[in-house]
Amino acid sequence: MKRVFNFNPGPATLPLEVLEEAQKELTNYKDTGMSVMEISHRSKEFEEIIEQAETSMKELLGIPDNYRVLFLQGGASTQFFMIPMNYLREGETADYILTGSFAEKAYKEAVKIGKVNVAGTTKESNFNHIPSPDELNFSPSPSYIHITSNNTIFGTQWKDYSIFGDFPLAADMSSDILCGPLDVSRFALIYAGAQKNLGPSGVTVVIIREDMLEKVPAELPSMLKYNIHAENNSLYNTPPSFSVYMVNLILQWVKKEGGLEKMKEKNEKKSSLLYEAIDQSDGFYKGHAVKESRSIMNVTFRLPDEEKEKKFISEATSRGLVGLKGHRSVGGIRASIYNAMPLEGCEKLADFMEEFKK
Ligand SMILES: *Cc1c(COP(=O)(O)O)cnc(C)c1O
């Protein structure tokens, strides 16, 4: 059997043991004689899965009791407009901080719905850093502040959420949810498409504080109302049941691996192997993100010219290190090293970087 080290940004690598577990019970889930894909979302078996997923998410992140965990559809991109539709009313202003392409996409959707203030942007430096507090200008009383915790394309990550005060904070955590411990109580709403750090595509996890459920406008279509999904335990309509099942297996895997402290330790170790390879290359590799903003999930760097970048990618691929091509807006190389990327993958890549340079 051939498995490569998969550095793709998303859909991304999943733990082999999780895939094997899914394979083992694919045709006969818990003696039902049916696949998870074939059972009713109203069955006791599926209700157990979705309840366990919610409980496990709460357990892992230490989510306070006044929050709900929802499993929705439409990807993180649907949250880009669902958040303003629910929380940006006539006469209100929402603050957006633009730290990358996905932040800009979220902003563009919000502008269609209501008044938005760009509280800060790092576009002039091609999003190579997270803005410092003195680069930010908040409106006097924003209905919410929107941030992107990890900028998948540029390889930057917020490290400090203490600067936002008490205004409702909404965060797109698609590419770093569960990368380490998090103080969820700082956020009113967190969302994440599953296909980076949580499982396969098809499901979006939303962690929402209960008071936000009460602010949902009555006139919205049901599928766009957070409170409807919460009241129905994410079973208002047919959920992406197989994706929810896979997310649940991933959550059990994270627990078994030792939880979020362990994830953080491992992710820091993995990313520092690659950052060291960059920093010790005498300028052969140039990191895109400034040091203080470096992501532990997506490592981005350039080589001296595009010719060498092409060669790097093709030689890496031939050694089973795949998915390393950077996004066109940064160019060069991007190594996405989510929770499921083993340490060995980063060791192999760091060794290859050293050798390629020589
Ligand atoms: C991948 C990604 C998205 C897009 O997610 P979809 O589920 O494809 O809509 C949004 N935000 C961030 C930070 C991402 O990494």
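**Exercise 1.** Leaving aside neighbours within four places in sequence, find which residues are in contact with Pro 9.

*Solution.* Keep in mind that this is a predicted model. Once the neighbours within four places in sequence are set aside, Pro 9 is in contact with Thr 152, Lys 196, Gly 323, Arg 334, Ser 336 and Tyr 338. Finally, compare sequence with space: Pro 9 and Asn 298 are 289 residues apart in sequence, yet their C-alpha atoms are 7.8 Å apart.

**Exercise 2.** Decide whether Pro 9 is buried or exposed.

*Solution.* Start with the cut-off: a residue is buried when its relative accessible area is under 20%. The relative accessibility of Pro 9 is 18%, so Pro 9 counts as buried.

**Exercise 3.** Classify the ring pair of Phe 352 and Phe 356.

*Solution.* First, find the two residues: both belong to helix α10 (residues 343-357), where they are four residues apart, about one turn of the helix. The structure holds 18 aromatic pairs.

Now check the surroundings. Phe 352 is buried, with a relative accessible area of 2%, and Phe 356 is buried too, at 14%.

**Exercise 4.** Which residues are linked by ring pairs into a cluster with Phe 352 and Phe 356?

*Solution.* Follow the ring pairs: they link Phe 352 and Phe 356 with Phe 284, Tyr 285, Phe 301 and Phe 312 into a cluster.

Definitions and conventions. Residues are numbered from 1 along each chain as its sequence is written. This is a predicted model: local features need pLDDT of at least 70, side-chain atom pairs count only at pLDDT 80 or more; totals for chains, interfaces and linings use all residues. Side-chain values use heavy atoms; hydrogens and water are left out. Buried means under 20% relative accessible area, exposed over 50%, partly exposed in between (1.4 Å probe, protein chains only). Contact means heavy atoms within 4.5 Å. Rings of Phe, Tyr and Trp (its six-membered ring) pair if their centres lie within 6.5 Å; planes under 30 degrees apart count as stacked, over 60 as edge-to-face and the rest as tilted.
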